[in-house]
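The sequence and structure are shown next.

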Amino acid sequence: MGNMIMFCILAVVIIGSALLCVTTTRIMRAATFMLFVLFGVAGIYFLLDYTFLGAAQISVYAGGVTMIYVFAIQLVSKRTLQGLEERVKSSKMIGGGLAALAGLVVVSLILLKTGFYTMVPANVEVPMKEIGTALVGAGKYQYVLAFEFISLFLLACIIGGLVVARKEKEDKQ
């Protein structure tokens with residue numbers, strides 16, 4: 001019963017913070033709300049006794065990715081940070097909502113067509129050693145290569161942000 005109450009509290013925190021993250025006009029507040037979402041997901045991992053994934057969630061995502069976002073935010077001009085330059089139009093919100101709904105429909109259809117829901121047995125617990133091996137292994141159905149691609153992508157984003165910020169300073173002079 002206590003686990004269910006804690007799960008409900010974490011779910012409310014995650015959903016509320018996610019909604020506030022995408023609806024706020026202040027970019028620093030959005031980064032803060034995203035941090036709360038990532039901590040909430042780590043809390044769910046700890047609730048499920050997946051301490052390795054919870055610790056990885058906090059150190060990699062809540063710590064590392066949030067720092068990358070904060071550095072990227074600092075590269076943005078002060079007018080954008082203050083919310084004076086760009087406002088979201090309702091037509092863009094409707095278009096984004098329709099795109100999200102279309103994505104949800106496509107993913108749902110793919111999951112139903114492949115029988116993903118029926119492939120996983122209901123009460124099978126995967127050992128943490130197997131999860132860790134899958135995350136850092138280089139064999140078939142293991143994810144170290146995907147993590148390497150993600151790290152290269154994040155590095156490219158940082159370099160792109162620095163290039164954009166440098167061009168902006170050169171234009172002012």
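This is a predicted model: local features need pLDDT of at least 70, side-chain atom pairs count only at pLDDT 80 or more; totals for chains, interfaces and linings use all residues.

Helix α2 contains 21 residues, and at 1.5 Å a residue these should span 30 Å; the C-alpha atoms at its ends are 30 Å apart, so expectation and model agree. The expected value takes 1.5 Å times one less than the number of residues.

**Overall architecture**

- The secondary structure of the protein amounts to eight helices and zero strands.
- Read from the N terminus, the order of elements is α-α-α-α-α-α-α-α.
- Of the contacts between residues at least 6 apart in sequence, 52% join residues at least 24 apart.

**Burial and exposed area**

- The protein has 173 residues, and buried residues make up 16% of them.
- The protein exposes about 13400 Å², of which carbon and sulfur atoms supply 71%.
- Within α2, the buried residues are Ala30, Ala31, Phe33, Val37, Leu38, Gly40, Ala42, Gly43 and Ile44.

**Nonpolar surface patch**

- Met1, Ile5, Met6, Ile9, Val13, Phe36, Phe39, Phe46 and Ile58 form a nonpolar patch on the surface, and their accessible area together is about 850 Å².
- Two elements, α1 (2–23) and α2 (27–47), each give two or more residues to this patch.
- The most is given by α1, which provides four residues.
- Phe39, one of the patch residues, lies in helix α2.
- Phe39 has a relative accessibility of 38% and therefore counts as partly exposed, since that class lies between the limits of 20% for buried and 50% for exposed.
- Helix α2 thus includes buried residues, among them Leu38 and Gly40, as well as the partly exposed Phe39.

**Backbone after α2**

- Asp49 follows α2 and has a positive phi, near 65 degrees.
- Asp49 lies in the loop between α2 and α3 (51–74).
- Most residues other than glycine have a negative phi.

How values were computed
Residues are numbered from 1 along each chain as its sequence is written. Side-chain values use heavy atoms; hydrogens and water are left out. Patches are made of residues with over 30% relative accessible area and no salt bridge: like charges are joined within 9 Å, nonpolar side chains (Val, Leu, Ile, Met, Phe, Trp, Tyr) within 5 Å. Accessible areas come from the Shrake-Rupley method with a 1.4 Å probe; for residues, only the protein chains shown count as cover. A salt bridge is a side-chain nitrogen of Lys or Arg within 4 Å of a carboxyl oxygen of Asp or Glu. Buried means under 20% relative accessible area, exposed over 50%, partly exposed in between (1.4 Å probe, protein chains only). Contact means heavy atoms within 4.5 Å.
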